[in-house]
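Biologist: I would like to learn how to read a model like this one. Can we go through it feature by feature?

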Amino acid sequence: MEKTLNFMKRACLLADKSTCGYKTGCVVVKGSKVLVEAWNETLHGELYCQNGECFRQKNKLSGGKEIEKVCSIHAESSAVAVSASKGISIKEANVYVTTFPCLICVRLLIKCEISTLYYMSDYMGGNEGLALFTANDIAVIKIQENEVWGRKND
């Protein structure tokens, strides 16, 4: 369990690198080896989320409204893209992500045939993809924040 908590801590620390207001970190692990690390970020040339302002938040575009105006690449999508560009298979890997993935990232991780998804926080629109993970025999484990940081419940 200690390794699991350490990988989740690592995902949390990666989230701090995010250039998006909704910070998410992701670590992909096979065995004890970290294969890929990623976080959500606004890419160079993006139209939205400029000058430190969140376009989606400012325009009340939550819950999947006008999804084309997503201001960043999600941490999970970035991890898959980086692994693909480097020729690294993440099949049967464990994925540690600070927030439960959106439905698009859920589908992407299923197609990659990951083994287990570990997450800490629920997705703001609900964990809609949980049934898909279950239907595809991918284990999903929620880790409580107080476990990660060694704090007792208040």
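Biologist: In which loop is Glu113 found?

Modeller: First, the ground rules. This is a predicted model, in which local features need pLDDT of at least 70, side-chain atom pairs count only at pLDDT 80 or more, and totals for chains, interfaces and linings use all residues. Residues are numbered from 1 along each chain as its sequence is written, and side-chain values use heavy atoms, with hydrogens and water left out. Helices (H or I, at least four residues) and strands (E, at least two) are DSSP runs, numbered from the N terminus. Glu113 sits in the loop between α4 and β4 (116–121).

Biologist: What is the phi of Glu113?

Modeller: Near 60°, a positive value in a residue other than glycine. Asp137 also has a positive phi, near 55°, and is not a glycine either. Asp137 belongs to the loop between α5 (130–135) and β5 (139–142). A glycine case follows α3: Gly87, with a positive phi near 70°.

Biologist: How do I read burial? Is Asp137 buried or exposed?

Modeller: Look at relative accessible area: buried means under 20%, exposed over 50%, and partly exposed in between (1.4 Å probe, protein chains only). Asp137 has 71%, so Asp137 is exposed. Glu113 has 42%, so Glu113 is partly exposed.

Biologist: Which residues of helix α3 are buried?

Modeller: The helix covers residues 75–85. Its buried residues are Ala75, Glu76, Ser77, Ser78, Ala79, Val80 and Ser83. They pack against β1 (25–30), β2 (33–39), β3 (94–99) and α4 (103–111).

Biologist: Take Ser77. Why does Ser77 count as buried?

Modeller: Because its relative accessibility is 19%. Next, look at contacts, meaning heavy atoms within 4.5 Å. Leave aside the neighbours within four places in sequence, and Ser77 touches Cys105 and Leu108.

Biologist: That brings up cysteines. How many disulfides does the count give?

Modeller: The general idea comes first. A disulfide is a covalent bond between the sulfur atoms of two cysteines. The rule here asks for a pair of cysteine sulfur atoms within 2.5 Å. By this rule the count is zero. Cys102 is in no disulfide, and its nearest cysteine sulfur, that of Cys105, is 3.7 Å away. Cys102 is buried, at 9% relative accessibility.

Biologist: Now the rings. How many aromatic pairs are found in the whole structure?

Modeller: A pair of aromatic rings is described by the distance of the centres and the angle of the planes. Rings of Phe, Tyr and Trp (its six-membered ring) pair if their centres lie within 6.5 Å; planes under 30 degrees apart count as stacked, over 60 as edge-to-face, and the rest as tilted. The search finds four pairs. One of them, Phe7 with Tyr96, is tilted: 5.2 Å centre to centre, with 45° between the planes. Phe7 lies in helix α1 (residues 2–15) and Tyr96 in strand β3, so this pair ties together parts 89 residues apart in sequence. Both Phe7 and Tyr96 are buried.

Biologist: Why is the pair of Phe100 and Tyr119 edge-to-face?

Modeller: Because the planes lie at 80°, with the ring centres 5.0 Å apart. Phe100 is in the loop between β3 and α4, and Tyr119 is in strand β4, 19 residues apart. Phe100 is buried at 1% relative accessible area, and Tyr119 is buried at 7%.

Biologist: Which residues do ring pairs link into a cluster?

Modeller: Phe7, Tyr96 and Tyr118.
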